[in-house]
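Here's a quick briefing on the model you're looking at. Have the sequence and the 3D view open while you read.

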Amino acid sequence: DGIWQCQHGPFSEDIFSELGEKNWSLLVQNVEQYHVDTSELLKSFNFSPRWLMDDIMVSYSAIGGSVGPHMDSYHVFLVQGIGKRRWKIGNQMITDPKYIDNKELLVLEEEFDGFEVEVEMGDVIYIPPYFGHQGVTLDTAMTFSVGFLGPKMSEMLGEYSHYLEQDPIRDARYAGMGLDALSTPFSIDKKAIESIQAELINKIKSDDFAKWIADYFSVSSHGEMYVSDEDKGDTSADELLNILEQGQKLYKPEYIKTAITTSANGNFNLSLYGKSIEIPRSSAILISWMNKEISSEDIKTQANGVEIIELLTRLYNDRILTLTD
């Protein structure tokens, strides 16, 4: 009937027996956090800034299923799983979008110029920000949408302000240093403006900012999804080393979202869900190890093996690393 409808979960299984054989789609966000096999898809995106990745959204759709013509404000890769879909992709950015009269759905009201392509399992389409696109299912399909979403500048400035105010030393007041008679009694002279700008810029250029930015980009955009095992006690370095010597290995699961920055002193800030751990330059090898399985032999080859096993133990106890089965 041409009317777009949307319902939000959670859903009971009964609803699927009521939907019929055609013209519906189920969308599930943040699947990589809950389904290990889906998170393995992320290994194929190491060419990209993974710290900007929003989530993997999976859609399951019956024949004719579609979410309508739309555009996104971020980069997205559409990885086709089972089934077939036909996509129409816009030729250029949409600068003045008009939407149907339904505030809950951002379905484009007007047609956009573009080309059509059919995709099957394993095909990938890249959609730039603000390019119109619409997919229609030809044969019962699953699509894995890998989105990369940058924050608004206002959001970043606001969050950094919250970080500054947590420490009175970081959050020093503007003291009016260098003011002269040109900024009296009510005039704010150019020199005063430049002085305030310089103080704000210095905050952005500080080493604190490099540490904070790692924390900021390691937080899930869908809220705190990582659940610690509260019953799991801390493991000592000796205990962990003994486990590794028995043949098990340490690794970082793909669904664990981390971000890494470098401090002015050359040390690394390794952050997980907003919590930062400092990795000394002497143990920089740990950064590259975040993409491999770590064995006891790897540790023994390092001159500072004691420091490294201590850091690995902390990463293990903080649930950044886990053991192979």
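Accessible areas here come from the Shrake-Rupley method with a 1.4 Å probe, and for residues only the protein chains shown count as cover. On that basis the protein chain exposes about 19,600 Å², with carbon and sulfur atoms supplying 52% of it. Keep in mind that this is a predicted model: local features need pLDDT of at least 70, side-chain atom pairs count only at pLDDT 80 or more, and totals for chains, interfaces and linings use all residues. Residues are numbered from 1 along each chain as its sequence is written, and side-chain values use heavy atoms, leaving out hydrogens and water.

**Fold and overall shape**
- The protein chain has eight helices and 13 strands (DSSP runs numbered from the N terminus: helices are H or I, at least four residues, and strands are E, at least two).
- Its radius of gyration is 25 Å, well over the 20 Å that the globule rule gives for 325 residues, so the chain is more spread out than a compact globule (taken over C-alpha atoms; the rule is 2.2 Å times the number of residues to the power 0.38).
- Along the principal axes, the C-alpha atoms fill a box of roughly 75 × 65 × 35 Å.

**Burial and contacts**
- Buried residues make up 40% of the 325 (buried means under 20% relative accessible area, with a 1.4 Å probe and protein chains only).
- Of the contacts between residues at least 6 apart in sequence, 77% join residues at least 24 apart (contact means heavy atoms within 4.5 Å).

**A look at S296**
- S296 sits in helix 7, residues 296–300, and counts as buried at 8% relative accessibility.
- Leaving aside neighbours within four places in sequence, S296 is in contact with L244 and E245.

Methods. Buried means under 20% relative accessible area, exposed over 50%, partly exposed in between (1.4 Å probe, protein chains only).
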